[in-house]
Amino acid sequence: MCDGQTTRSASCHSARIWLSCPSAIGIETSEANLTLYGNAVAAAVGLGRWPGLAEAAAALAPPVREIRPDPARSAQYRRLLVQYRQAVDVLAPILHDLADGILAEPPA
């Protein structure tokens with residue numbers, strides 16, 4: 001559960017990120033993990049529970065809550081993206097040098 005007491009828990013962190021995604025990308029999404037449902041549908045068909053994917057998908061359709069972007073947050077994310085891209089442009093050469101070992105200390 002996400003409340004003021006559990007802001008550091010992994011599930012709360014993930015939920016907060018998940019709820020932020022529609023605003024960050026500016027499109028409506030849902031909170032369902034459709035990958036898991038898709039796997040369950042395929043497994044059910046493979047086990048012979050349903051004759052085909054369409055029948056299994058209809059029978060196993062998850063309850064889905066749609067999550068719409070928050071216009072104010074979307075605007076904030078657009079501004080932050082500009083700053084992020086500027087930071088990447090500045091840091092990219094340094095990070096490439098680090099990755100290539102140019103700035104690394106030689107082994108002793």
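User: Which helix does Ser74 lie in?
Analyst: This is a predicted model, where local features need pLDDT of at least 70, side-chain atom pairs count only at pLDDT 80 or more, and totals for chains, interfaces and linings use all residues. Residues are numbered from 1 along each chain as its sequence is written, and side-chain values use heavy atoms, with hydrogens and water left out. Helices are DSSP runs of H or I with at least four residues, strands are E runs of at least two, and both are numbered from the N terminus. On that basis, Ser74 lies in helix α4.

User: Is Ser74 buried or exposed?
Analyst: Buried means under 20% relative accessible area, exposed over 50%, and partly exposed in between, using a 1.4 Å probe and protein chains only. Ser74 comes in at 7% relative accessibility, so Ser74 counts as buried.

User: Which residues is Ser74 in contact with, leaving aside neighbours within four places in sequence?
Analyst: Contact here means heavy atoms within 4.5 Å. With those sequence neighbours set aside, the partners of Ser74 are Pro22, Ser23, Gly26 and Pro69.

User: How far apart in space are Ile67 and Ile27?
Analyst: Ile67 lies in strand β2, residues 66–67, and is buried, with a relative accessible area of 8%. In sequence, Ile67 and Ile27 are 40 residues apart. From C-alpha to C-alpha, their separation in space is 8.9 Å.

User: Why does Val90 count as exposed?
Analyst: Val90 also lies in helix α4, which covers residues 71–100. Val90 counts as exposed because its relative accessibility is 58%.

User: How far is the charged end of Arg49 from the centre of the ring of Trp50?
Analyst: A charge sits over a ring if NZ of Lys or CZ of Arg is within 6 Å of the ring centre and within 35 degrees of the ring normal. The charged end of Arg49 sits over the Trp50 ring, and its distance from the centre is 4.6 Å.

User: In what order do the elements of the protein chain run?
Analyst: The protein chain has 4 helices and 2 strands. Read from the N terminus on, the order is α-β-α-α-β-α.

User: What percentage of the residues of the protein chain count as buried?
Analyst: The protein chain has 108 residues. Ser74 and Ile67 are both buried. For the chain, the buried share is 12%.
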